[in-house]
Amino acid sequence: MVEAEGTRASTSAGWSIRAMTLEDYDRVYALWETCAGLGLSAADSRAGIAALLGRNPGMSFVAVSGRDIVGSALCGHDGRRGYIHHLAVSTTCRHQGIARALLDRCLNALANCGIDKCHAFVYADNEEGARFWLHVGAARRVELELFSVYTPRCDPEADKPTLNAREHPGPSTLP
Ligand SMILES: CC(C)(COP(=O)(O)OP(=O)(O)OC[C@H]1O[C@@H](n2cnc3c(N)ncnc32)[C@H](O)[C@@H]1OP(=O)(O)O)[C@@H](O)C(=O)NCCC(=O)NCCS
C-alpha cells in the first residue's frame, strides 16, 4: 500500500501524484464541487486551505492528468493524530487507483511526522464514501460521535456548509 514519498509518482494510467500547492486551489475546489458526498464550508476558503497547507507542508496531494487535476486529498496532523479531508476523485477517473495512491502519500507523510493513526470524516449518508474507507482497511468508529463547537471569532451563520448534490441533506455542521 505504501510507495516512496517525495518524488512525483508516475503511472502508466496517465496520471501522477504530487504535493498540492495553493496555486492548485481553484481547480481543486472545482473538483470538490463535482463530488457528491463532500460538504464545503468557510474552512475551505482559499485562506483556510492556505492555512492548512502552511501548517502541514507537503502533506496534501493532488492527482494530475495532463493539465487537469483529477484527485485531491487534504492532510495534516495536530502532533497527535492525523486527519484527511476531502479525498476526492473526478467522476470520470474513478476506479483507477487514484484515491488509494493519494491516501498512500498522505499516510506516508503522516508516518514521517511520527503520527500513528489518521481519522477521516464521512457524512453518515455517504455510504459510497464509507465503503471506500472500509475497503482500504479503515475501521468504522461506531463507538464515537462527532461534536463541533464554534470559537468566539466565528459567526455560525457564515460557516453554513454547502453540501454537494445529494438526494437528501446531511448534518448541519462540518468538521
Ligand atoms: C471514494 C473515492 C475517493 C474513491 O476514489 P477512486 O479513485 O475511485 O478509488 P480507487 O480507484 O483508488 O479505489 C481503491 C480501492 O477501493 C475500491 N473502491 C473505490 N471506491 C469504492 C467504493 N465506493 N466502495 C467500495 N470500494 C471502493 C476500489 O475498487 C479499489 O479496490 P482495490 O484496490 O482492492 O482494487 C471517489 O469515489 C470519490 O471521490 N467519491 C466522492 C467523494 C467522497 O465520498 N470521498 C470520501 C469521503 S471524504
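1. Basis of the note. The model is predicted; local features need pLDDT of at least 70, side-chain atom pairs count only at pLDDT 80 or more, and totals for chains, interfaces and linings use all residues. Residue numbers start from 1 along each chain as its sequence is written.

2. Overall fold. The protein has four helices and eight strands. Helices (H or I, at least four residues) and strands (E, at least two) are DSSP runs, numbered from the N terminus. From the N terminus on, their order is β-β-α-β-α-β-β-β-α-β-α-β. Among contacts between residues at least 6 apart in sequence, 65% join residues at least 24 apart; two residues are in contact if their C-beta atoms, placed from the backbone, lie within 7 Å.

3. Burial. Of the 175 residues of the protein, 30% count as buried. A residue is buried if 20 or more other C-beta atoms lie within 10 Å of its own, exposed if 12 or fewer, and partly exposed in between, with C-beta atoms placed from the backbone. Strand β5 is mostly covered, as eight of its ten residues are buried.

4. Pairing around β5. Two strands pair if DSSP finds at least two bridges between them.

5. Turns. The hairpin of β4 and β5 has two residues between the strands, and Gly 66 there takes a positive phi near 60°. The hairpin of β5 and β6 has four residues between the strands, and in its turn Gly 79 has a positive phi of about 95°.

6. Nonpolar core. A nonpolar core is a set of buried Ala, Val, Leu, Ile, Met, Phe, Trp, Tyr and Cys residues joined through C-beta atoms within 7 Å. The largest has 36 residues, and those with the most contacts inside it are Ala 73, Cys 75, Leu 102 and Cys 106. At least two residues of this core come from each of α1 (25-34), α2 (46-55), β4 (61-65), β5 (68-77), β6 and α3. Helix α3 gives the most to this core, with nine residues. Leaving aside residues up to four places away in sequence, Cys 75 touches residues including Met 59, Tyr 83, Ile 84, Cys 106 and Leu 110.

7. Ligand shell. The ligand is surrounded by 22 residues, of which the closest are Gly 37, Arg 94, Ala 99, Gly 129 and Arg 131. A residue is near a molecule if its C-beta atom, placed from the backbone, lies within 6 Å of it. β6, α3 and α4 (127-135) each supply at least two residues of the shell, and α4 gives the most, with five residues.

8. Two histidines with positive phi. Where do these two residues lie? His 86 is in strand β6 (residues 82-89), whereas His 95 is in the loop between β6 and α3 (98-112). His 86 has a phi near 50°, and His 95 has a phi of about 60°; neither residue is a glycine. Is each of the two buried or exposed? His 86 is buried because 21 other C-beta atoms lie within 10 Å. His 95, with 7 other C-beta atoms within 10 Å, is exposed.
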